[in-house]
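The sequence and structure are shown first.

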Amino acid sequence: ATWRYAFEEALTDVQGVYASKFKEHIEANSDHRIQLFPYGTLGESADIMEQTQAGLLQFVDQSPGFTGSLIPEAQIFFIPYLLPETQEALDHFFRNSKAINEDFKSIYAQHGLELLKMFPEGEVVVTTQEPFDSPAGLDGVKVRVMTNPLLVESYKAFGATPTPLPWGEVYGGLQTNIIQGQENPLFWVESAKMYEVTDVITFTGHNNFTTAVMANKRFFDGLPAEDQKLVRDAMQAAFDHIMEYQKGLSERSLAKILEQKPEMKVVHLTAEQRAPFRAAAENVEAKFIDMTGDSGKALLQQFKQDLEAAKAQ
Ligand code: 6CS
């Protein structure tokens with residue numbers, strides 16, 4: 001059969017490289033064929049999710065930044081300073097976490113989705129027109145965030161004026177000054193040319209960008225066991241590949257940005273400067289519990305336990 005798989009980025013971006021590896025594994029090991037739909041071919045992130053839930057697509061990569069508006073628990077990824085900063089701890093966490101690999105699976109299943117993999121896409125940086133080194137420096141600055149309520153709370157806690165927008169409105173919004181900042185990993189700042197419309201990159205250390213790949217659950221449940229195994233094996237191969245692929249990617253992307261725009265200002269906030277942003281995270285964690293209740297509370301507890309195990313590695 002031909003299976004349709006949509007994602008939120010270009011073929012040469014992290015989600016595209018992941019999807020290409022998945023396709024390669026499936027096609028090398030079966031007669032099935034994968035048709036890939038990069039960003040822009042079928043609409044925004046919200047559109048490809050609807051199409052997957054409707055069964056028009058078999059596979060979709062949608063980041064929790066957008067899924068959080070549908071599945072509140074997915075907003076856990078927007079509690080600032082929760083995920084580890086080292087690549088080793090992140091790798092261990094995503095591979096072994098029960099919260100990721102079991103708990104989230106049953107939460108997504110309630111929405112007709114078979115969660116297949118979650119993986120990190122890189123440290124998030126903030127790009128703005130003007131430099132800032134404290135929450136006061138973000139006062140009145142409209143920062144675009146992905147469309148989920150907890151990310152709005154995070155940026156409020158950070159002192160900014162958060163503006164949730166779909167991806168397609170970000171470049172133009174920065175150009176026309178409707179927004180003055182946005183956050184994303186460096187590979188995306190480079191490939192989406194965010195450096196053309198913002199002048200400062202700030203390393204706040206508050207997050208790593210997480211994404212998720214899932215299948216329409218009815219489709220997946222209807223597959224013979226051998227095909228389910230094939231899909232899971234292909235997802236594992238793609239995961240291994242994407243973790244390897246991302247080694248040094250942020251550094252290479254920053255170098256490319258500075259080649260294109262040598263005057264781009266790069267600011268690494270010190271631990272002291274990060275402290276007030278970190279302190280704001282407590283309030284955001286409380287908001288997460290408000291939004292998700294007992295289910296979110298249990299998930300967060302497991303998540304933290306898994307993080308401890310990952311950091312101890
Ligand atoms: O900020 C966004 O909306 C986009 N960022 C990334 C890294 N991937 C896709 C997403 O749409």
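K287 forms a salt bridge with E153, their closest N and O atoms lying 4.0 Å apart; a salt bridge here is a side-chain nitrogen of Lys or Arg within 4 Å of a carboxyl oxygen of Asp or Glu. This pair links distant parts of the chain, since K287 belongs to helix 12 (residues 271-311) and E153 to helix 6 (residues 149-157), 134 residues apart. Helices (H or I, at least four residues) and strands (E, at least two) are DSSP runs, numbered from the N terminus. K287 counts as partly exposed at 28% relative accessibility, whereas E153, at 16%, counts as buried. Buried denotes under 20% relative accessible area, exposed over 50%, and partly exposed in between (1.4 Å probe, protein chains only).

The model is predicted: local features need pLDDT of at least 70 and side-chain atom pairs count only at pLDDT 80 or more, while totals for chains, interfaces and linings use all residues. Residues are numbered from 1 along each chain as its sequence is written, and side-chain values use heavy atoms, with hydrogens and water left out.

**Salt bridges**

Side chains of opposite charge can pair when their charged atoms come close. A search of the whole structure finds 16 salt bridges.

| Pair | Closest N and O atoms |
|---|---|
| K287 and E153 | 4.0 Å |
| K229 and D233 | 2.7 Å |
| K247 and E244 | 3.0 Å |

K229 and D233 both lie in helix 10 (residues 225-245), four residues apart, which is about one turn of the helix. K229 counts as exposed at 52% relative accessibility, and D233 as partly exposed at 33%. E244, the partner of K247, is partly exposed with a relative accessible area of 49%.

**The chain as a whole**

The protein chain contains 12 helices and 10 strands. Its radius of gyration is 19 Å, close to the 20 Å that the globule rule gives for 313 residues, so the chain is as compact as a globular protein of that length. That radius is taken over C-alpha atoms, and the globule rule is 2.2 Å times the number of residues to the power 0.38. Along the principal axes, the C-alpha atoms fill a box of roughly 55 × 45 × 35 Å.

Of the 313 residues, 55% are buried. Among contacts (heavy atoms within 4.5 Å) between residues at least 6 apart in sequence, 76% join residues at least 24 apart.
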